[in-house]
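Q: I would like to go through this structure with you, one topic at a time. Could we begin with the loops and then move on to the strands and the packing?

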Amino acid sequence: AVVSTQSTGAQHPSISPIVWTRLSGPMMMMYTQYIIHLGHRGEISNAVISYDDSLIASGSMDKSCKLWDSRSGGCIETLYGHTDEVLDISFDHRGRQLLSASADTTARVFDVATCKCLSTFVGHEREISKGTFNPSGARVATASSDSTVRIWDVASSTLIQALEGHSDEVFSCQFNYAGDMLISGSKDNTCRLWRDVNSERIIP
């Protein structure tokens with residue numbers, strides 16, 4: 001399944017993600033769509049599907065995240081805590097935790113089952129544009145307009161390492177499958193590959 005978003009109405013928009021489901025035959029492939037009405041009061045910055053396809057999460061400029069049942073389209077919970085726009089969201093690989101990154105310079109991890117905030121990461125000096133879990137879900141990497149990528153411990157909410165080297169805003173970061181390398185992409189026209197990110201000393 002693929003998620004896209006749309007907005008309807010000029011002054012009081014109903015902002016909805018559209019879930020496209022692939023139907024394939026011997027000679028053709030087509031997509032059907034159904035719309036989940038969210039009730040966000042601002043633009044949706046990101047929408048993601050859990051790895052087992054059971055949940056959808058959406059992050060919005062209205063400072064909130066929402067969890068949705070992908071089959072019924074019903075809203076499970078609205079997640080609050082950020083004081084500015086939510087710019088990115090991501091499930092961990094088991095679909096048990098949801099990471100949100102915000103223009104308020106913080107990132108948060110929510111427990112999907114209880115919808116409670118487990119961790120808040122504070123330390124970036126400017127907005128966080130991207131957040132991602134490592135494969136085990138024990139660590140989080142965040143990319144920020146302050147030109148750094150930071151790696152955090154989820155259980156303790158503590159900073160493990162600040163990765164410095166970019167000369168402009170960092171828009172993207174992602175762990176490899178093994179979780180021992182991290183790639184970051186920046187407005188400075190470069191990508192950087194960080195090795196040995198499971199250790200305390202990270203090699204650029």
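Q: Where does Ser 157 lie?
A: The model is a predicted one. In it, Ser 157 sits in the loop that links strand E14 (149-153) and strand E15 (159-163).

Q: What is phi for Ser 157?
A: Phi of Ser 157 is near 65 degrees, which is a positive value in a residue other than glycine. Most residues other than glycine have a negative phi.

Q: Why does Ser 157 count as partly exposed?
A: Its relative accessible area is 23%. Buried means under 20% and exposed means over 50%, so a value in between is partly exposed.

Q: Which loop holds Asp 53, and what is its phi?
A: Asp 53 belongs to the loop between strand E4 (44-49) and strand E5 (55-60). Asp 53 has a positive phi near 70 degrees. With 41% relative accessibility, Asp 53 is partly exposed.

Q: Moving on to the hairpins: how many residues lie between E5 and E6?
A: There are four residues between the strands of that hairpin, and Lys 63 there takes a positive phi near 80 degrees. E5 and E6 run antiparallel and are joined by five bridges. Ala 57 has Leu 67 in E6 as its bridge partner.

Q: What about E6 and E7?
A: E6 and E7 form a hairpin with five residues between them, and Gly 73 in the turn has a positive phi of about 85 degrees. Four bridges connect E6 with strand E7 (residues 75-79), and the two run antiparallel. Here Leu 67 has Glu 77 in E7 as its bridge partner.

Q: Is strand E6 mostly covered or mostly exposed?
A: Strand E6 (residues 65-69) is mostly covered, with four of its five residues buried.

Q: Which residues have the most contacts inside the largest nonpolar core?
A: They are Ala 57, Leu 67, Leu 79, Ile 89, Phe 91, Leu 98 and Val 112, in a core of 13 residues. At least two core residues come from each of E5, E6 and E8. E8 gives the most, with three residues. In soluble globular proteins, nonpolar side chains tend to be buried together.

Q: And what does Ala 57 touch?
A: Leaving aside residues up to four places away in sequence, its contacts include Leu 67, Ile 89, Phe 91 and Leu 98. Among the others are Asn 46, Ala 47 and Val 48.

Q: Where is Leu 98, and is it buried or exposed?
A: Leu 98 is in strand E9 (residues 97-102). Leu 98 counts as buried because its relative accessibility is 0%.

Q: Which residues does Leu 98 touch?
A: With residues up to four places away in sequence not counted, Leu 98 touches Ala 57, Leu 67, Leu 79 and Phe 133, among others. Phe 110 is also one of its contacts. The C-alpha atoms of Leu 98 and Phe 110 are separated by 5.1 Å, although the residues are twelve apart along the chain.

Q: Now the open sheet: what is the order of its strands?
A: The order is E8-E9-E10-E11, and the pairing of these four strands is antiparallel. Strand E8 (86-91) and strand E11 (117-122) are the edge strands, each pairing on one side only. On average, neighbouring strands are turned by 15 degrees against each other, direction ignored.

Q: How many bridges join E10 to E11?
A: Five bridges join strand E10 (residues 106-111) to E11. Arg 108 stands opposite Thr 120 in E11.

Terms used. Residues numbered from 1 in each chain as written. Heavy atoms only, no water. Buried < 20%, exposed > 50% of the residue type's maximum accessible area, 1.4 Å probe, protein only. Pairing = 2+ DSSP bridges. Axes fitted to C-alpha atoms, helices over the stretch in contact; angles between N-to-C directions. Core = buried A, V, L, I, M, F, W, Y, C linked by side-chain atoms within 4.5 Å. Contact = heavy atoms within 4.5 Å.
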